Amino acid sequence: MHGPGSAAWLLVALCAATGAYCLLRMRSGIEEQRRTAGSEALMGFGMALMAIPAAVITPPRAAWALYAVLFGAAALRALWASRSSAHHLHHLVGTFAMAYMAVGMAAAPSGHAGHGGAGAPLVTGLLLLYFAGYVLWSGVRLVPVATAGGGPPASGWGDRPEVARACRLSMGIGMVAMLLTM
C-alpha cells in the first residue's frame, strides 16, 4: 500500500477526511444511517492508517495481524447485517478487502507491500474489478438528474444522500489505489 510519497499522503488525507465526515454522519436521526456511517468511518480511518508511507512508519507484523483481526471481525458483522440490507454486502466486500490487504502486508517479506508480490493475484484482481466497477457506478449515481418537484430537502447536511455517496465514492477510489499497490 505504500506507493510514491505524495500520492500516499493524498490517499491518507482523502481517507481520513472521509472517516471524519462519516463520524459526523453518526449524529443522524436515522438509525440505519448511523450504523452505516460507523462502519464507513472505521473503513476510512483504517485505510488512512494503512496508506501512511513506509518511510514515515513501518508498523510491526503484529500491527498488521491486529488490522486483519479487526477487519475480519467487521466482515463477520457485515455478513450478519447483510441479512437485512443488501447495502451491507458492499461493506462485507470492503472489510474483507481490508483484512486481505492486512494479511498481505503481514506476509510481505519487508513488512510492507508496494513492491509487488503481496497477496494472491487472482483475489487482488477480483477485488480491483469489483471496486473499479463500484467507483464507476457510484460516480454515475452522483450525476444530477432533473426532477419535477426536487423532493423535500434533507434535514441536515450530514443526512444528504449525495454527500454520503461521494464519501463512498472516495473510499472506493482509495481502495482501488491501495489494491493497485499490493
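Reply: Buried means under 20% relative accessible area, exposed means over 50%, and partly exposed lies in between, with a 1.4 Å probe and protein chains only. This is a predicted model, in which local features need pLDDT of at least 70 and side-chain atom pairs count only at pLDDT 80 or more, while totals for chains, interfaces and linings use all residues. Residues are numbered from 1 along each chain as its sequence is written, and side-chain values use heavy atoms, with hydrogens and water left out.

Me: Why is the contact of Glu40 with Arg25 called a salt bridge?

Reply: The term requires a side-chain nitrogen of Lys or Arg within 4 Å of a carboxyl oxygen of Asp or Glu. The closest N and O atoms of Glu40 and Arg25 are 2.7 Å apart, so the pair meets that definition. Glu40 belongs to helix α2 (residues 31–50) and Arg25 to helix α1 (residues 5–25), 15 residues apart. Helices here are DSSP runs of H or I with at least four residues, numbered from the N terminus. Both Glu40 and Arg25 are buried.

Me: What makes the pair of Glu40 and Arg168 a tie between parts of the chain?

Reply: Glu40 also forms a salt bridge with Arg168, with the closest N and O atoms 2.5 Å apart. Arg168 lies in helix α6 (residues 161–180) and Glu40 in helix α2, so the bridge ties together parts that are 128 residues apart in sequence. Both Glu40 and Arg168 are buried.

Me: Why is Trp9 called partly exposed?

Reply: Trp9, found in helix α1, has a relative accessible area of 42%.

Me: How do you know that the buried residues of α5 line one face of the helix?

Reply: In α5, Thr124, Leu127, Leu128, Phe131, Tyr134, Val135 and Ser138 are buried. Seen down the axis, they fall within an arc of 135°, so they line one face; the arc is that of the directions from the helix axis to the C-beta atoms. An α-helix has 3.6 residues a turn, so residues three or four places apart point the same way. The buried residues of α5 pack against α4 (87–107) and α6, contact meaning heavy atoms within 4.5 Å. The face turned away from the buried side carries the exposed residues Leu122, Leu126, Leu129, Leu136 and Val140.

Key:
Helices (H or I, at least four residues) and strands (E, at least two) are DSSP runs, numbered from the N terminus.
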